[in-house]
Each structure stands twice: as C-alpha cells, then as structure tokens.
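Work through the exercises below with the sequence and the 3D view open. Try each task before you read its solution.

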Amino acid sequence: MDITSRCNSVKHSPKKLRKVANCVRGLNVNKALSSLRHMDEKGAQIIENTLSSAIANAGNTENFDKDMNEVIIKTITVDEGPSQKRFRARAQGRANKIIKRTSHLKIVIG
C-alpha cells in the first residue's frame, strides 16, 4: 500500500528542490531522513518535513503494518507551481522582470 504526502506552493524553485530530491529518491526512509538532516540546502528541510508527514500518514492508516526499516521512497515529484512576477527599476526608466518561483512537492512511500 502506498502512502502519499503533498506540499503545495512551496516558496522554493523547482530546480533547487529537484537537486535535493534526486539524492534521496529510492532510499530507505530512515536513511533518507538522516541524510536530509545533514544537508545544508534549504530544500532539504522542506523535503524532510514532507517525508516525516508521509511517515505520520502511514502510522495513521490501519492497513499499513510494515516496519519503517523496510519502507522506501517510491517516488518524489517536484513540479512547478504558480510564479509571482515582480519588476525591478533600472536605469533610464527601464524595468527588469523578477520571477519568484514556487514548487509542488509530492512524496510516495511504500
């Protein structure tokens, strides 16, 4: 049985989150949590919170009776969320566009 956890509209770019997600994809849940705690990336904390939420969701289901040492991360998907568009004033009346990207994160364990 697969357990999912989602985190939508995270204020972090998908490119930076995918870099962290690729490091823990397919790992054991306990190994993934320990490696995420020792990473210096901001995205590691976001993925760690979502992964711990998925573990808590697994504890709340009645049909999920596996040991956490046997549970692995099946899939981690990082999709692009809505972007905020801002402008920065430049010289001679011009403006540069600033795009503040967000991400949708989905973790499936089983």
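Contact means heavy atoms within 4.5 Å. The model is predicted, so local features need pLDDT of at least 70 and side-chain atom pairs count only at pLDDT 80 or more, while totals for chains, interfaces and linings use all residues. Residues are numbered from 1 along each chain as its sequence is written, and side-chain values use heavy atoms, with hydrogens and water left out.

**Exercise 1. Find which residues F87 touches, and decide whether F87 is buried or exposed.**

Step 1. Locate F87. It sits in strand 3. Helices (H or I, at least four residues) and strands (E, at least two) are DSSP runs, numbered from the N terminus.

Step 2. List the contacts. Not counting residues up to four places away in sequence, F87 touches A95, N96 and K97.

Step 3. Classify. Buried means under 20% relative accessible area, exposed over 50%, and partly exposed in between (1.4 Å probe, protein chains only). F87 has a relative accessible area of 60%, so F87 is exposed.

Step 4. Check a distance. F87 and S5 are 82 residues apart along the chain, and their C-alpha atoms are separated by 34 Å.

**Exercise 2. Describe how strand 3 pairs with strand 4.**

Step 1. Recall the rule. Two strands pair if DSSP finds at least two bridges between them.

Step 2. Count. Six bridges join strand 3 (residues 84-89) to strand 4 (residues 95-100). The two run antiparallel.

Step 3. Pick one pair. R86 has I98 as its bridge partner in strand 4.

Step 4. Look at the turn. The hairpin has five residues between the strands, and Q92 there takes a positive phi near 60°.

**Exercise 3. Work out the strand order of the open sheet, and say which strands stand at the edges.**

Step 1. Read the order. Three strands form the open sheet, in the order 1-5-2, with antiparallel pairing.

Step 2. Find the edges. Strand 1 (3-10) and strand 2 (73-80) each have a single partner strand, so one side of each is left without a neighbour in the sheet.

Step 3. Axes are lines fitted to C-alpha atoms, for helices over the stretch in contact, and angles run from 0 to 180 degrees between N-to-C directions.

Step 4. Zoom in. Seven bridges join strand 2 to strand 5 (residues 103-109). E80 stands opposite S103 in strand 5.

Step 5. Place the helices. Helix 1 (residues 14-24) lies across strand 2 and strand 5, at about 175° to strand 2. Helix 3 (residues 42-60) packs on the sheet, touching strand 1, strand 2 and strand 5. The direction of helix 3 makes about 145° with that of strand 1.

**Exercise 4. Decide whether V78 is buried or exposed, and list its contacts.**

Step 1. Locate V78. It lies in strand 2.

Step 2. Classify. The relative accessible area of V78 is 7%, so V78 is buried.

Step 3. List. Leaving aside neighbours within four places in sequence, V78 is in contact with P14, L17, R18, A21, S103, H104 and L105.

Step 4. Compare sequence with space. V78 and I99 are 21 residues apart in sequence and 18 Å apart, C-alpha to C-alpha.

**Exercise 5. Where is S13, and is S13 buried or exposed?**

Step 1. Locate S13. It is in the loop between strand 1 and helix 1.

Step 2. Classify. With a relative accessible area of 17%, S13 is buried.

Step 3. List. Not counting residues up to four places away in sequence, S13 touches R101 and S103.
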